[in-house]
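Subject: Structure for you to look at

Hello,

Here is the structure I said I would pass on. Please open it alongside this message.

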Amino acid sequence: MNLPALSKILSPFHEGEKIIQQRLGVRDRMEKFGSRVIRDHLPDQHRAFYQQLPFLFLGHADANGWPWASIVCNPPGFAVSNDSEHLTLNASPVAGDPLAESLTPDLRIGLLGIELHSRRRNRLSATISEQSNDHFTLVVDQSFGNCPQYIQGREWHWHEGVIPAPPKHFSAFDETTQAFIGAADTFFVASAVGANHKQNASDEEKINGVDISHRGGRAGFVRVDNNRQLTIPDYLGNFHFNTLGNFLKNPKAGLLFIDFDRGDILQLIGTAKILWDSPDTRHFEGAERLWTFTLERGHWIRNALPVRFTAPEFSTNSLLTGTWQEANARQQAEQDTQRWHSLTVDDIVDESKTIRSFYLTSETLTQPTYLPGQFLTLRIPTQTAGGNDCGATNESDIVRTYTVSSAPADRRLRISVKREFNGRASGYLHNHLNIGDSLEAQSPRGNFHWQADSSRAAVLIGAGVGLTPMVAIARHCWLESYRTRKPRPVIVFAAARNAAERPFFEELKQLQTQSQGMVRVVWALSQPESSLKPGQDYHHHGRINQELFQAVLPLDDYDCYLCGPDTFMQSMYDTLSDLGINDTRIFAEAFGPSSLQRKIPKDSQSTKLAAHSETSPKTQLADSALVRFFDSDQQLVSEHTWQADEGSLLDLAENHGLQPAFSCRAGQCGACVACVEGADIHYDEQPQCALNEGQVALCVGRPAVATNGLSEPPVLSVYWD
Ligand code: FES
């Protein structure tokens, strides 16, 4: 009777890999997928691939069980596969590489073939069947292809006359080694589970063995914590979890770094630890989790390789990830939301007749932690060199908020500003701000933003400059879908009067093309120019309405995002409500004084009111109060008596020449939120923006009478700068 091969019966994954797949919810999918793509032989395509390479990466475990990552080189053709089960390497390890001593028949080997310029790679796990001074032959246990995600493109060329220097051993990283690792964009990691010789392995252990994997990112993706420890982000990959699965069973690891310019190699062995819930993870763009490597020992072999490489061409996936320097900056910015950062105008682009984009860079706000849809608070100098000719009534700076129209992964902040009639801030930005000029800004914030946890399709509805957050969200969705390989449909309904006032037209069109329709854009022009072609320059003549939604949107469950003038917002909200979209699925951002009247279902309204009454006891408006305004250094700026007819705390501040940030003036956006102490705050209606304990929405907040029964006017301290 012909029995099926062992590999057909057993799972291609060992216990460590299965535990991680289970933990991350991909176990069943990967079992089916792995059984299909992990083979017990070399497909012809892989055989041809290995034979054209000038170098291969090998992982093995030495006699003490330490995995080492190695590289062997020879001109293309040195790897020969005469049949689908064998691969012979006519090459020897670099002198001084521990692989040279370990090479014996029956040794388990992990092999990685990688063509840097085309980003192709294939892997196999194998056992040495035969070995001599100048060659060794591998018999294949498992073979599979690998995605090219984080491989930097590099061309290679042969470098004759190489004589490797003797290894230089160490047990702690010196400054040179730390700097080299800290600037690396690529390394290779070996890990091992089970016996290092197959003859010692049980049937179950035969699926164990040694793995060698590529790790890539932007230069600076490996953090040197001290002279023995490194921290490394783990990005989305193929979900096999060969490396981390091995670490779970055996934390020993071997790393190989290559100096691609000089041909030096750095081989390290040490202990790995997976950090599932490190707080550092969320600051590192693209990191799903982290792992640390603690050095046992290592060595440099200078001039080790007979190949040299060109400068890297970074893969798109790598460019969507962060660096430790950026992660630190993000963490700092998050802790220091009130800090003013200096930004430099990098570029200026007209988006329409009235909307202009400003690209901003900053040394301290390079990687702000923000969500697409949030706004930037800017301090704008309205005094120009030639005098104040932009409508300002005094020479002081003014503070305004502008939605960020770039995605976080774009790395340059972009605001897109509409030129308002008699607008001091927009007038200054349009008329006087030039490339190279500076502005000050706080980290982006705001309650209106992309709902990252939702898996529903997104409907983005914006009019005119209200398209700024929608462009940021659409860009983010596309970049995230590229990074995670999880498409999430986005339909943009964009409204404008005509082509002259149609912002981001080309950008959205390009996004639709690049995303292959994942982002779909529908333009509604109310007064299109006669020269425009319907279906090409716009899709609907008139305003966005119920019929358009019904014609475009398939029956589905959506998250809807609205931004634009108040009448537009209310009309869109009412239309979506009439179509049965639940209030909780409609996210809205108002520009200027605006208050969206939401239709909250009776039962959820009573729940909300009940919850509110528990946490927010009824307050009574004070007749008068003493209000002290402080800056971020807690220095008193000014103090004023507030009277009941004086309006909100924002009005009070502005009446006395102060410039708190604001946007909606309706308690919705959170732009004016400040810290308050000393007295309660009265709201006619509870603000919709998020407020923590001790915070006030200045635009709708007014002093409340003291709850301690004292009859004196309350004294408030407000800190907003
Ligand atoms: S300005 Fe929007 S909440 Fe106050």
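Predicted model: local features only at pLDDT ≥ 70, side-chain atom pairs only at ≥ 80, totals over all residues.

Helix H6

Helix H6 covers residues 175–182, and its buried residues are Thr 177, Phe 180 and Ile 181. Viewed along the axis of H6, these buried residues sit within an arc of 95 degrees, so they line one face of the helix. The N-terminal end of H6 is capped by Asp 174, with a side-chain oxygen 3.3 Å from the backbone nitrogen of Thr 176.

Leu 99

Leu 99 belongs to helix H5, which spans residues 99–102. The relative accessibility of Leu 99 is 0%, and buried means under 20%, so this residue counts as buried. Leaving aside residues up to four places away in sequence, Leu 99 touches Leu 58, His 60, Ser 70, Val 72, Pro 93 and Ile 109. Gly 59 is 40 residues from Leu 99 along the chain, and the C-alpha atoms of the two are 8.5 Å apart.

Helices H2 and H7

Helix H2 (residues 15–23) packs with helix H7 (residues 242–249) at an angle of about 115 degrees, and their axes are 7 Å apart. Angles of 65 to 115 degrees count as roughly perpendicular, and H2 and H7 are therefore described that way. The crossing of H2 past H7 is right-handed. On the H2 side, the residues that meet H7 are Glu 15, Gly 16, Glu 17, Ile 19 and Ile 20. H7 contributes Asn 242, Leu 244, Gly 245, Asn 246, Leu 248 and Lys 249 to this contact.

Helices H11 and H12

Helices H11 (residues 468–484) and H12 (residues 505–514) pack at an angle of about 20 degrees, with 11 Å between their axes. That angle makes H11 roughly parallel to H12. H11 passes H12 in a left-handed crossing. Val 471, Ala 474, Arg 475 and Trp 478 of H11 meet Glu 507, Leu 508, Leu 511 and Gln 514 of H12.

Regards

Key:
Residues numbered from 1 in each chain as written. Heavy atoms only, no water. Buried < 20%, exposed > 50% of the residue type's maximum accessible area, 1.4 Å probe, protein only. Helix = DSSP H or I, 4+ residues; strand = E, 2+ residues; numbered from the N terminus. Arc of directions from axis to C-beta. Polar contact = N/O pair within 3.5 Å; in protein donor to acceptor, adjacent residues only side chain to side chain. Contact = heavy atoms within 4.5 Å. Axes fitted to C-alpha atoms, helices over the stretch in contact; angles between N-to-C directions. Parallel < 35°, antiparallel > 145°, perpendicular 65-115°, else oblique. Left-handed = near helix turned anticlockwise from the far one by under 90°.
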